[in-house]
Amino acid sequence: GKSRAGMLRAAARRALPAALARGARRYTGHVPSSTLALVYDNHGHPSKALQLREVPVPPLGPDDVLVEMIASPVNPADLNVVEGTYPIRPGTFPAIGGNEGLGRVMRVGERVRDALATRYPTESNNGDAFSPESLARGAPLHVVTAEPGCGTWRAHAVIPARKLRTLQRGTEPASVLPGASAHEPYLEELAQMSVNVQTAWRMLEDFVRLDYEQATVVLNAPTSAVGRAAIQLCKHRGVDVVAILRPRPSHEAFAADANRLVELGASLVLEDDGAAHRTTEARARLANLPPVKLALNGVGGASCVNAASMLARDGVVVTYGGMSKQPAGIPTGAAIFKNVAARGFWLTRWLEDRRMEEEASAHTDPSVVPWAHGSFMPPSDSAYAKGKRHAMATECERLIRAGALNLPTRRVDLEEAIDVIGEGASVGAGKTMIWMRE
């Protein structure tokens, strides 16, 4: 049953106005004065620091967008931010959790609206396709976060336009509105594309050359969202994957998870125990694969050493996470005799570097038209539209809509989220996804 704290939160939730707490099934575009949010007043363990509250909806600034959030994942980095152990921290308290998610545009600020109405005129609405009435009536204009720090664990959010990326418009079924079923195609994957999918994408692009059927990637944490995305992206590229999977309570449980990874595209699944990849059978199977050129490490400690020991000459191990809270290491022999190198990857830093490059291009190249709102419906001649951030996001969205990525989630609502976070992640349950409405 639920904990006492959970029951108290449920009682508080039921006491909130029904229209605010649950929302209507039919989208009306109504803007409430307050909204539900997962808030924390100080850093601490998420299960203790986070509280479900009704908070005011901030006023809409001229460069802002009002978003009705639909779904937001719970990533390890989100919990680290609440704990105060992540490089990104809230500027002030109280703060709202969550850095990634998908929502529907309800309103745009005056400067955003003026710019968009000029660039995207339509005869049917007197040149303003972005009025509140048009946004409520027309095909949903969905957005995902393009930068961290948006506070996505809330039903409604006012977010600077430059921190949002617009998705293709009018391609989803009409039922994909606030309150839609979790089973509408691709919503779960699109809600994860800004962090998990793009992290996997960049690591496969930036460190070694992965030619079609000429390279193998080894990775730990294969059931994580980044791991699952990397396996499927490799399959799309024709690159073999060796997944090293931590031991399970039984042989049957391990076999079930291993089979799921093979269905996603893994060529070989080995137990992450430090010895499985050294058996005669494993060596023979590895010998039939192309050279292992890249290792993706989301765990650290002994698991990282295991992955790095499988690399071929001049291979690279890329660390993007540290679930074990142990240092990432390379075997001495691999470093000396195979010239194996260690690198790190943080998507936030990569995005910031590319943003600065785009801004410099806009200031120095008169053929590029700078636009203050970046990834929010960018004109084709903008620095963003010509840059690497846009190219990556466009390709990731295309692959998701093509059905190439399957990223299962465990669906919870705002009320349930704190209890689920307190329980910790369950292996095989999928990433926790907070759905704001049902």
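The legends below describe close-up views of a predicted model. Residues are numbered from 1 along each chain as its sequence is written, and side-chain values use heavy atoms, with hydrogens and water left out. Because the model is predicted, local features need pLDDT of at least 70 and side-chain atom pairs count only at pLDDT 80 or more, whereas totals for chains, interfaces and linings use all residues.

**View A. The buried face of helix H4 (residues 76–83)**. Asp78, Val81 and Val82 are the buried residues of H4, buried meaning under 20% relative accessible area, exposed over 50% and partly exposed in between (1.4 Å probe, protein chains only). Seen down the helix axis, these residues fall within an arc of 100 degrees, taken from the directions from the axis to the C-beta atoms, so they line one face of H4. Helices (H or I, at least four residues) and strands (E, at least two) are DSSP runs numbered from the N terminus.

**View B. The salt bridge between Glu147 and Arg162**. The closest N and O atoms are 3.3 Å apart, a salt bridge being a side-chain nitrogen of Lys or Arg within 4 Å of a carboxyl oxygen of Asp or Glu. Glu147 is buried at 15% relative accessible area, while Arg162 is partly exposed at 41%.

**View C. The salt bridge between Asp257 and Arg260**. The N to O distance is 2.2 Å, and the two residues are separated by about one helical turn because they stand three residues apart in helix H10 (residues 251–264). Asp257 is buried at 7%, whereas Arg260 is partly exposed at 41%.
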